[in-house]
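Dear colleague,

Please find below the sequence and the structure that I am handing over to you. My notes on the strands, the helices and the ligand follow them.

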Amino acid sequence: MVINELIEVAKAARENAYAPYSGFKVGCALLSKSGKIYSGCNVENGGIMAICSERTAFVKAISEGEREFEALLVVGGKDELIYTTPCGYCRQFISEFCKSDFPIYMYYGDEKLEKKTLEELLPESFSL
Ligand code: THU
């Protein structure tokens with residue numbers, strides 16, 4: 001099942017997170033319509049802005065020519081996984097490329113998988 005593959009890819013990506021400031025490691029797996037899975041992790045720096053795992057994955061995919069996406073799965077936490085949703089900036093970023101029914105999965109342990117649509121996470125979103 002593709003969800004299980006997304007979970008494994010996201011967990012593996014989280015191991016690469018560079019989060020020395022927050023200690024909060026996030027990984028994600030982005031499934032494109034072409035069937036490829038793009039991974040992402042958060043990358044922090046000593047200034048202000050961290051790059052979240054979700055934007056890492058989207059930028060990787062878009063820079064490879066992808067424009068259409070099926071699903072996103074996110075895992076995050078310090079030591080243990082906890083329920084982690086994309087931040088506001090990422091929600092807006094995702095809305096540039098995905099429709100309101102785009103599914104976003106939050107995995108945070110055995111039997112702990114929740115699904116929300118982009119519309120649920122970002123109602124009445126701004127668009128030009
Ligand atoms: N972070 C993500 O990468 N994705 C999320 O969904 C929430 C937050 C990162 C940003 C920062 O490096 C750390 O988690 C703590 O905010």
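Please bear in mind that the model is predicted. The two strands concerned, E1 (residues 25–32) and E3 (residues 69–77), are joined by eight bridges and pair in the antiparallel sense.

E1 also pairs with E2, again in the antiparallel sense, here over five bridges. Within this pairing, Gly27 has Cys41 in E2 as its bridge partner. E1 and E2 form a hairpin, with four residues between the two strands. Gly35 lies in the turn and has a positive phi of about 100 degrees.

These pairings belong to an open sheet of five strands, in the order E2-E1-E3-E4-E5, with mixed pairing. Its edges are formed by strand E2 (37–41) and strand E5 (113–117), each of which pairs on one side only. On average, and with direction ignored, neighbouring strands of the sheet are turned by 20 degrees against each other.

Two helices lie across strands of this sheet. Helix H1 (residues 2–14) lies across E1, E2, E3, strand E4 (103–107) and E5, and runs at about 140 degrees to E1. Helix H2 (residues 53–63) lies across E1, E2 and E3, and its direction is at about 140 degrees to E2.

I turn now to the ligand. It is surrounded by 13 residues, of which Asn42, Glu44, Ser53, Glu54 and Thr85 are the closest. By class, this shell consists of six nonpolar, five polar and two charged residues.

Which parts of Asn42, Ser53 and Thr85 lie 2.9 Å from an oxygen atom of the ligand? For Asn42, a polar side-chain atom lies at 2.9 Å from a ligand oxygen. For Ser53, a backbone N or O atom lies 2.9 Å from an oxygen atom of the ligand. For Thr85, too, a backbone N or O atom lies 2.9 Å from a ligand oxygen atom. On its own, the ligand has 370 Å² of accessible area, and the protein covers 79% of that area.

With kind regards

Technical notes:
Residues are numbered from 1 along each chain as its sequence is written. This is a predicted model: local features need pLDDT of at least 70, side-chain atom pairs count only at pLDDT 80 or more; totals for chains, interfaces and linings use all residues. Side-chain values use heavy atoms; hydrogens and water are left out. A residue is near a molecule or strand if one of its heavy atoms lies within 4 Å of it. A polar contact is a pair of N or O atoms within 3.5 Å; within protein, one must be able to donate a hydrogen and the other to accept it, and residues adjacent in sequence count only if both atoms are side-chain atoms. Accessible areas come from the Shrake-Rupley method with a 1.4 Å probe; for residues, only the protein chains shown count as cover. Ala, Val, Leu, Ile, Met, Phe, Trp, Tyr, Cys and Pro count as nonpolar, Asp, Glu, Lys and Arg as charged, and the others, Gly among them, as polar. Two strands pair if DSSP finds at least two bridges between them. Axes are lines fitted to C-alpha atoms, for helices over the stretch in contact, and angles run from 0 to 180 degrees between N-to-C directions. Contact means heavy atoms within 4.5 Å.
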